[in-house]
Amino acid sequence: MNLRPDLAAIAGQVAPGSRVLDIGCGDGALMLALRDKQCDVRGIEIDGACVERCVARGLSVVQGDADRDLADYPDASFDYAVLSQTLQTAARPDRMLEQLLRVGTRAFVSFPNFAHWRTRAALMFGGRMPVTRALPVTWYETANIHHVTVADFRDLAWAKGAQIKGEWFFSGERPIGDAGANLRAEFAVFELA
Amino acid sequence: MTFEPQSLTLPDPLPLDGGGALADARIAFETYGELAPDRSNAILLCHALTGDQYVASTHPLTGKPGWWQRMVGPGKPIDTDRYHVICANVIGSCLGSSGPASIAPDGAPYAMRFPVITIRDMVRGLVGLLDALGIERLHAVVGGSMGGMQALSLAANWPERAERVLVIASTSRHSAQNIAFHELGRQAIMADPDWRQGGYYGGDTPDNGLAVARMAAHITYLSEDGLTAKFGRNLQDRPEKSFGFDADFQVESYLRYQGSGFTRRFDANSYLYITRAMDYFDLAEEHGGSLARAFKDTPARFCLVSFDSDWLYPTAESRHIVHALNAAGAPVSFVELSAPFGHDSFLLDVPALDRVVKGFVE
């Protein structure tokens with residue numbers, strides 16, 4: 001199965017047999033990969049049709065809104081809490097990050113980097129909110145209400161007292177190095193503790 | 001009632017939450033599909049308030065198809081080519097299991113001498129049946145509405161008995177509004193002069209009261225949008241209003257038909273006893289006030305399903321259960337399905353429900 005690169009990076013880091021909460025699990029692609037690693041993996045997903053597909057695949061997924069429902073989970077009930085491509089849609093990303101670090105001993109967060117050169121160029125030269133391959137939806141339709149950059153995220157992690165345990169960056173499907181990541185990365189994955 | 005349901009008598013007296021025990025409790029049941037040699041493929045289906053064991057076979061009194069025939073059968077989401085499905089009439093009911101219409105040891109019907117029972121008592125009876133059938137561990141327990149309460153009660157009180165617990169359109173406790181509607185129905189039955197303190201067996205039965213109870217309850221099973229779509233303000237077989245109290249409107253005619261049809265298959269005293277059991281249901285109360293504690297260390301996987309148009313047991317009730325299961329660390333799935341039919345959606349044509357049921361059960 002072809003796992004999205006940020007999800008593949010996360011799946012590669014999770015130790016077999018871990019307890020994992022996948023927040024915004026979509027159709028369960030990461031969950032299936034982690035289940036193959038004998039992980040005890042649970043999901044939260046807001047879209048009913050996605051939840052239905054997950055349940056039909058034998059996955060344990062609760063339909064809900066991560067902004068509200070993460071509070072229901074006990075402290076440190078998971079080894080990892082995963083938030084993929086969802087932080088920028090949260091009503092309060094800072095609070096969601098707190099919840100993530102409360103529920104999971106470690107957390108993975110992936111997001112589209114708003115400071116990628118393509119986005120910068122679109123705004124600088126076009127003068128309009130960028131519509132790029134990483135951010136393909138117009139400003140009025142997008143679910144991304146809190147755009148974030150690699151540098152912003154590092155600041156937030158620091159402000160929340162979270163340690164950054166790992167960073168992975170991608171240009172399209174392709175992994176790239178750390179150098180100039182805030183300019184060169186379309187997507188970023190962070191591991192926090 | 002002239003039919004011979006398949007049944008067995010529990011070898012031991014059935015202890016009851018209200019005190020005492022029910023001796024010689026009889027449990028009527030139906031099974032579908034072959035039991036595997038290792039007895040690992042049994043699914044217990046729990047029926048709702050006015051349901052019965054005829055989940056996928058013709059009802060002996062009405063001649064109608066089973067109440068969940070669309071879900072249960074060969075090649076259906078609960079596939080009887082693969083699973084051995086057991087469905088039993090709950091105690092307190094009237095389709096062959098012990099209830100108020102059963103004959104007491106003194107040779108007369110119990111009527112109101114039948115002990116008041118609870119959902120947990122019903123489940124205790126079902127567990128007794130499983131013991132008698134030699135089924136130690138269920139592949140799944142599945143129930144909608146009151147059946148869901150039984151599934152939850154089984155999971156909380158006999159946690160080793162079911163690997164999977166599927167609860168559809170149900171609740172962990174009866175709300176004030178739920179109790180209020182049930183009390184309306186009970187008062188309608190008890191206000192019928194033919195009820196005679198429950199001692200009507202052998203004479204005229206309190207059909208009018210039972211029909212009113214059913215009509216009131218039936219409204220709670222539907223949605224406003226569903227009623228509007230089905231009937232609107234349409235008149236029943238007449239060009240204009242009669243300026244009388246006939247069933248002028250189609251919806252009136254429909255409710256009367258539902259009410260009178262029900263009296264032909266259901267015992268009024270059973271309706272009193274089962275609605276009481278539902279009103280007494282509060283799973284958290286049984287477990288020191290904490291629903292999470294009810295599911296502490298449960299080894300089962302859970303799936304809860306609600307419907308967006310169900311105002312009897314709305315989505316919030318399912319979420320409340322999901323919250324407790326999360327707190328208990330149990331693997332749980334939950335989905336709110338969109339369907340126009342209100343509470344009754346779980347019995348009707350909702351293809352997404354079929355997919356969820358099939359996916360979870362397998």
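In this predicted model, the centres of domain 1 and domain 2 of chain B, taken over C-alpha atoms, are 25 Å apart. Domain 1 of chain B covers residues 7–174 + 282–361, and domain 2 covers residues 178–274; these bounds come from an automatic or database domain assignment. The contact between them takes 24 residues from domain 1 of chain B and 22 residues from domain 2 of chain B, two residues being in contact if their C-beta atoms, placed from the backbone, lie within 7 Å. On the side of domain 1 of chain B that touches domain 2, 14 residues are nonpolar, 9 polar and 1 charged. In this classification, Ala, Val, Leu, Ile, Met, Phe, Trp, Tyr, Cys and Pro count as nonpolar, Asp, Glu, Lys and Arg as charged, and the others, Gly among them, as polar.

Residues are numbered from 1 along each chain as its sequence is written, while chains are lettered from A and ligands numbered from 1 in the order in which they are written. Local features need pLDDT of at least 70 and side-chain atom pairs count only at pLDDT 80 or more, whereas totals for chains, interfaces and linings use all residues.

Chain B contains 11 helices and 12 strands. Helices (H or I, at least four residues) and strands (E, at least two) are DSSP runs, numbered from the N terminus. The C-alpha atoms of chain B fill a box of roughly 65 × 50 × 40 Å along the principal axes. Among contacts in chain B with a separation of 6 or more, 71% join residues 24 or more positions apart. Of the 362 residues of chain B, 51% count as buried. A residue is buried if 20 or more other C-beta atoms, placed from the backbone, lie within 10 Å of its own, exposed if 12 or fewer, and partly exposed in between.

The contact between the chains takes 21 residues from chain B and 16 residues from chain A. In chain B, β11 (301–307), α10 (315–327), β12 (332–337) and α11 (351–361) each give two or more residues to this side. By class, the side of chain B that touches chain A has 11 nonpolar, 6 polar and 4 charged residues.

In chain A, A29(A) lies in helix α2 (residues 29–36). A29(A) counts as buried because it has 20 C-beta neighbours inside 10 Å.
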